[in-house]
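Reader: I'm new to reading protein models. Could you walk me through one, feature by feature?

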Amino acid sequence: MSVFEAAAQQLHTVRDFLRFTVSQFQEAELFFGHGNDNAYDEAAYLILHTLHLPLDTLEPFLDARLLDTEKSLLLQLVQRRTSERIPVAYLTHQAWQGAYEFYVDERVIVPRSFIYELLGAPLHPWIEYNELVHRALDLCTGSGALAIQMADIYQDAMIDAVDISLDALEVAGMNIEDYGLEDRINLIHTDLFTGIDTTYDLIVSNPPYVDAESVAQLPEEYLHEPELALGSGIDGLDATRQIIQQAARYLNPKGVLLVEIGHNRQVLEQAFPELPFTWMPTSGGDGFVFLLTREQLLGEA
């Protein structure tokens, strides 16, 4: 009898399954990088989601007994998480970026950009009022998460959301429809700026930025994400270079470019020593997202 067959027979309560799930996650030495950072939080989330319980309310249900159908479904998900090392967001088709919820599957990376923390008030030194953003662009939109958050914060703005992947744009379209933003977010299938003929007050991008060496060493969980959305050349900056080199012509006067680059700050600064990057403070540190204005990109400021 397998451990999962034994669990189906001998475990009965939410508390039982919480303990079992944490044990399985720990024993499997899973990597947590897609919404949770430890076995307990991920186990609690998976159980609460699967049982259709409030995600922030565990305690009252700990001694509740599970139906056999609930046990079976939960154990299937725990087994898939441990044996196939699938990120939990792909098992639940639910991801969160800040307070915003999104549908995800393996056609898109799981949203986890620091850029959402910087929209609105953190940009006021450069964009004094949110109402001054009339048009904005989300390059490499993936699930559409940042485009949706921009539309919510910059409520006078029309948003273009670009991705090279048609599969990703299908997922983005689902999320945009869920938020009722079809009239304000325009999905564009292209490679970065190719074919774009509009100028913007704000351009944001969370492009692929993992260098080749790091791609080869990624935990198995990341291999379920689209490779196209992770790696970007030997040093991870192929896409970022193109964005920096082309962005000025797509920005309005005093327009702002905001780009996430992972751990590539030193390499980027060496590649563009003439640019006065502003490194924005985020919950992960101040070396992951840079800001440049149109004038700085043109060497006019």
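Reader: Which residues of α6 are buried?
Author: In this predicted model, the buried residues of α6 are Ala145, Leu146, Ala147, Ile148, Gln149, Met150 and Ala151. Buried means under 20% relative accessible area, exposed means over 50%, and partly exposed is in between, using a 1.4 Å probe and protein chains only. Helices (H or I, at least four residues) and strands (E, at least two) are DSSP runs, numbered from the N terminus. That is 7 of the 9 residues of α6 (residues 145-153), so this helix is largely enclosed by the rest of the structure.

Reader: Before we go on, what are the ground rules?
Author: Residues are numbered from 1 along each chain as its sequence is written, and side-chain values use heavy atoms, with hydrogens and water left out. As the model is predicted, local features need pLDDT of at least 70 and side-chain atom pairs count only at pLDDT 80 or more, while totals for chains, interfaces and linings use all residues.

Reader: How do I read a sheet, and what is the strand order here?
Author: Strands of a sheet pair through backbone hydrogen bonds, either parallel or antiparallel. Here there's an open sheet of 7 strands in the order β5-β4-β3-β6-β7-β9-β8, with mixed pairing; two strands pair if DSSP finds at least two bridges between them. β5 (185-189) and β8 each have a single partner strand, so one side of each is left without a neighbour in the sheet. Back to α6: this helix packs on the sheet, touching β3, β4 (158-163), β5 and β6 (200-205). Touching, or contact, means heavy atoms within 4.5 Å. Helix α9 (residues 238-246) lies across β3, β6, β7 and β9, running at about 170° to β7.

Reader: Which strands pair with β9?
Author: Strand β7 (residues 251-260) runs antiparallel to β9, joined by 5 bridges, and Val259 has Phe290 as its bridge partner. Strand β8 (residues 278-279) is also antiparallel to β9, over 2 bridges, with Trp279 standing opposite Phe290.

Reader: And where do the side chains of β9 point?
Author: In a regular strand the side chains alternate between the two faces of the sheet. In β9, Val289, Leu291 and Thr293 point one way, Phe290 and Leu292 the other, and all are buried. With 5 of its 5 residues buried, β9 (residues 289-293) is largely enclosed by the rest of the structure.

Reader: What about helices that pack together?
Author: Two packed helices are described by the angle between their axes and the distance between the axes. Axes are lines fitted to C-alpha atoms, for helices over the stretch in contact, and angles run from 0 to 180 degrees between N-to-C directions. The axes of α1 (residues 3-10) and α4 (residues 68-83) come within 10 Å and cross at roughly 155°. Under 35 degrees is roughly parallel, over 145 roughly antiparallel, 65 to 115 roughly perpendicular and the rest oblique, so α1 and α4 are roughly antiparallel. Phe4, Ala7 and Ala8 in α1 meet Lys71, Leu75, Val78, Gln79 and Thr82 in α4.

Reader: At what angle does α2 cross α4?
Author: The axes of α2 (residues 14-28) and α4 cross at roughly 15°, coming within 10 Å. That makes α2 roughly parallel to α4.

Reader: Is Val104 buried or exposed?
Author: Val104 counts as buried, at 0% relative accessibility. You'll find Val104 in the loop between β2 (100-102) and β3 (135-139). Leaving aside neighbours within four places in sequence, Val104 is in contact with residues including Ala89, Tyr90, Pro111 and Ser143.
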